[in-house]
Amino acid sequence: MKKLIVHGDPGFRKDAVISVDGEELVVFGVARQGEWHGPDRPQLWCTVGTEDERDTYERRDYIPNFLDTEAVDAEAVELVESATA
């Protein structure tokens with residue numbers, strides 16, 4: 001599990017499956033930043049991981065401050081599967 005900061009909005013939402021640098025990740029949570037007076041374009045601060053880590057995320061059995069963080073541009077994120085409603 002890790003934090004992924006996406007510069008821009010590639011159009012995915014919670015529970016989507018995305019691909020970053022060839023690695024497929026499930027989006028567990030998304031916080032949209034920069035709407036009011038932030039950077040030039042929005043940032044999505046996401047908690048992502050594999051499907052095996054979903055239970056750990058849901059039980060909050062991790063320390064958010066200790067997760068690895070990666071920042072990418074929206075163009076580097078590919079939507080594999082959108083969230084089902």
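Which residues do ring pairs link into a cluster? Here are my notes, with one thing to keep in mind: this is a predicted model.

1. **The ring cluster.** The answer is Phe28, Tyr57 and Tyr62, which are joined into a cluster by ring pairs. A search of the whole structure turns up two aromatic pairs. Let's take them one at a time.

2. **Phe28 with Tyr57.** These two rings are stacked, with 5.2 Å from centre to centre and 20° between the planes. Have a look at where the partners come from: the pair links distant parts of the chain, since Phe28 belongs to strand β3 (residues 23-33) and Tyr57 to helix α1 (residues 54-58), 29 residues apart.

3. **Tyr57 with Tyr62.** Tyr57 also forms a stacked pair with Tyr62, this time at 6.0 Å centre to centre, again with 20° between the planes.

4. **Buried or exposed?** Residues count as buried under 20% relative accessible area. Phe28 has a relative accessibility of 1%, so it counts as buried. Tyr57 is buried too, because its relative accessible area is 14%. Tyr62 comes out at 18%, and therefore also counts as buried.

5. **A charge over a ring.** Tyr57 has one more contact to check. The charged end of Arg60 sits over the Tyr57 ring, 4.7 Å from the ring's centre.

6. **The sheet.** Now for the strands. Six of them make an open sheet, and reading across gives the order β5-β1-β4-β3-β2-β6, with mixed pairing. At the edges you'll find β5 (68-73) and β6 (77-81); each has a single partner strand, so one side of each has no neighbour in the sheet. From one strand to the next, the twist averages 40°.

7. Strand β1 (residues 2-7) runs antiparallel to strand β4 (residues 43-49), and six bridges join them. With β5, on the other hand, β1 pairs in the parallel sense, over six bridges.

8. **Residues facing each other.** In β4, the residue opposite Lys2 is Val48, while in β5 the residue opposite Lys2 is Asp68. Further on, Ile5 stands opposite Trp45 in β4.

Notes
Residues numbered from 1 in each chain as written. Predicted model: local features only at pLDDT ≥ 70, side-chain atom pairs only at ≥ 80, totals over all residues. Heavy atoms only, no water. Phe/Tyr/Trp six-rings, centres within 6.5 Å; stacked < 30°, edge-to-face > 60°. Helix = DSSP H or I, 4+ residues; strand = E, 2+ residues; numbered from the N terminus. Buried < 20%, exposed > 50% of the residue type's maximum accessible area, 1.4 Å probe, protein only. Lys NZ or Arg CZ within 6 Å of the ring centre and 35° of its normal. Pairing = 2+ DSSP bridges. Axes fitted to C-alpha atoms, helices over the stretch in contact; angles between N-to-C directions.
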